[in-house]
Amino acid sequence: MPQMTMVQAITDALRTGLREDPRVVVLGEDVGLNGGVFRVTEGLQAEFGEARVLDTPLAENGIIGGAIGMALYGLKPVAEIQFVDFIYPAFDQIVSELAKFRWRSAGQYSCPVIVRAPYGGGIRGGLYHSQSPEAYFAHTAGLQVVIPSTPSDAKGLLLAALAGEDPVIFLEPKRLYRTIKEDVAEGVFHTPIGRTRTARSGEHATVLCYGAMVPVAVEAAESAAARGWSVEVLDLRTLVPLDSGAVLDSVRRTGRVVILHEAPRTCGYGAELAALIAEQALTSLQAPVLRVTGYDTPFPYTLEHTYLPDAKRVTAALEHVMSY
Amino acid sequence: MSVDETLHQVLDVSGRAIAPVPDVPKEDLRRLHRHMVSMRLLDQRMLSLQRQGRIGFYGMATGQEATVTGSAYALRATDWVFHALRETGVCLWRGTTLEEFICQLIGNAGDVLIGRQMPMHFSDRRVNSVAWSSVIGTQLVHAMGAAYAAKLQQHDTVCMGYIGDGGTSSPDFHAALNFAQVWQVPAVFFCQNNQWAISVPLSAQTASSSIAIKAAAYGMRGVRVDGNDLLAVIQVTREAVERARAGGGPTFIESLTYRMGGHSSSDDPTRYRDAAQVQYWEERDPVRRFETWLRSEGLLTDADLEQWTAEVQDEISRAITSAESLPAPPIESMFSDVYAQMPAALADQMKYALALGKGTHVEGAFPL
Ligand SMILES: Cc1ncc(C[n+]2csc(CCOP(=O)(O)OP(=O)(O)O)c2C)c(N)n1
């Protein structure tokens, strides 16, 4: 099996999708000759031509609205938003249109559009190249929200999304684009949407996380092991649909929960997880459910590592739940 | 309103005057040139700082010095500027110091924006430069609205909205021009058409015969100017600004120029464009063109250039040294200005972040 970074794995998924299915098209700003600003679409235009790998004018509403039209008429578009921070000019197209086509047409029309976008901090990108807006999308009925944390998952989830029938917001942790290299299977394989991955098993506490926070949680879990605490790390992989069964199983076993995301705290996805646990696993809890999150401020440039949760903050939360 | 798609020029490519020269005092002509020279030197020095890892990001305006400087010159200090990545030179012309600019690039405690924004996202209320986001196109509608406010309050302020050629595809570009013309606001929309939006060439951005012609769709006056011709830029912008000031409504200016470098320090333009095209524009260099004309008018000597270069290099060096001696902004700076008054929940978060920053234990219930 070839070793790939997440960037290479996503490129491989796109190439596989384009090869296997003539309905697949890739569109976005700079995705053609330039191969995307993160090089995720490198080589695709050369292989599949300008009609299937399209550079667009600078208008996200055009990219997403156009992708919707393509999907209505039978294509499978994969739209790239250069940074998720630039998705808002298309927010209306995503929330009012993409998410609702199937429902408002009583199932007559569907929009299997995949919206790929790098998200998250840690690359000195400042306010508009670092945000984590997953909660906006998770809050919108009709959208699936997928966030991989490993190269292999990135490929398998993207191919599963391509095989699916509904729109997917596919957020890529750009901080992990090139930091991890692992074996990734060749050809087509699907990582099912709606299943968590156990990044590390444990018995005493559960850390729920996704995307770029998964390695942070694993680091904290490793240092907790030195103190005799066995910490389970669940990588959610998909926020919608959520694998609530796996989440609740783990929480019922450990009785202690820390929820971790880099998005701001208020109304972040962690609030949904905490509510789920309060509703369905309250009697298993041995400590309050804690959240380690970004602060309720815009994303700073210089102080980004103050803003971003790190293993130290997760460890502090683990100490609290373990000693409660 | 009509759109004139002919490219206005005062100097030809060789720096010879082919049309009447706008009325600009001699001392200003020299200052304008010095400013262009300093912009170019600044780009070189800052790019090298970036390569050394001393700043995180840089966006050059190399090749666009005349369009930046000439348009800035046509404004009054009281006018408002809604700009973006390529127009830092406008702020510098209006009084921003090199040190202030470099502090922003570093994002330190001396930065007017206290390290909140990525490098190059400079703005400063003292020079009426409005804080901008990276989201392309958004500032243009703000320029339109501010111009309406100025008109309503009977101020003689003109609002200048800058945009790139890529930005003319954004939804806000359309809204800005449409509203502005309907409301007859005192705004000027200035497009620096440097012919590239990262790797996307103008031909893939628009099928219009020019950028200027887009004004026709809104019933707006549109003009096209050789952006590498400082005198022509001054002439065309001045006319548009003074027309707006006098109640004559908005103008859309296309200033045709070329982005000589990469899109930014993160970009490698050799991946997507021909060296021959770069060479073609190298021969149309705006700084050299104006220099040739100044010399022919007896307004510039080798000694001037040598002196200016030495002065500017020294100013930049001193600004770097001084900016690099400043500390990072304090943790508190992340939490202020989210709201006028900090909500209690955010104050708790700040307390926690401060304790964590100092490595002290946070007592009581875990607040975050
Ligand atoms: C809404 C939005 N989409 C995408 C981007 C990413 N991006 C940054 S600059 C740029 C190209 C801008 O080109 P242009 O408007 O021509 O200005 P130039 O940089 O050439 O001066 C792009 C696509 C962005 N900043 N905002």
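Guide: What follows is a set of questions about terms and the values behind them.

Guide: First, the ground rules: this is a predicted model, where local features need pLDDT of at least 70, side-chain atom pairs count only at pLDDT 80 or more, and totals for chains, interfaces and linings use all residues. Residues are numbered from 1 along each chain as its sequence is written, while chains are lettered from A and ligands numbered from 1 in the order in which they are written.

Visitor: Why is R39(A) called partly exposed?
Guide: A residue is buried if 20 or more other C-beta atoms, placed from the backbone, lie within 10 Å of its own, exposed if 12 or fewer, and partly exposed in between. R39(A) has 15 other C-beta atoms within 10 Å, so it is partly exposed. Its phi is near 70°, a positive value in a residue other than glycine. R39(A) sits in the loop between β2 (24-28) and α2 (44-48) of chain A; helices (H or I, at least four residues) and strands (E, at least two) are DSSP runs, numbered from the N terminus.

Visitor: What makes R124(A) partly exposed?
Guide: R124(A) has 17 C-beta neighbours inside 10 Å, and therefore counts as partly exposed. R124(A) also has a positive phi, near 60°, and lies in the loop between β5 (114-119) and α6 of chain A.

Visitor: Which peptide bond is cis, and what is its omega?
Guide: The one joining V240(A) and P241(A), with omega about 0°. P241(A) is in the loop between β12 (238-240) and α9 (244-254) of chain A.

Visitor: How do you know that β10 and β11 of chain A pair?
Guide: Pairing takes at least two DSSP bridges between two strands. Strands β10 (residues 205-209) and β11 (residues 231-235) of chain A have five bridges, in the parallel sense. Across that pair, T206(A) stands opposite E232(A). They belong to an open, mixed sheet of five strands, ordered β9-β11-β10-β13-β14 in chain A.

Visitor: What makes β9 and β14 of chain A edge strands?
Guide: Each pairs on one side only. From one strand to the next, the twist averages 25°.

Visitor: What lies across this sheet, and at what angle to β11(A)?
Guide: Helix α8 (residues 213-225) of chain A lies across β9, β10, β11 and β13 (257-264), at about 170° to β11(A). Axes are lines fitted to C-alpha atoms, for helices over the stretch in contact, and angles run from 0 to 180 degrees between N-to-C directions.

Visitor: What is meant by a nonpolar core?
Guide: A set of buried Ala, Val, Leu, Ile, Met, Phe, Trp, Tyr and Cys residues joined through C-beta atoms within 7 Å. The largest one has 107 residues, and V207(A), A217(A), V258(A) and L260(A) have the most contacts inside it. Apart from it lies another core of 87 residues, with V10(B) and I211(B) among them.

Visitor: How many residues of each chain are in contact?
Guide: 34 residues of chain A are in contact with 38 of chain B, where contact needs C-beta atoms, placed from the backbone, within 7 Å. On chain A's side, α12(A) gives the most, with three residues.

Conventions
Contact = placed C-beta atoms within 7 Å.
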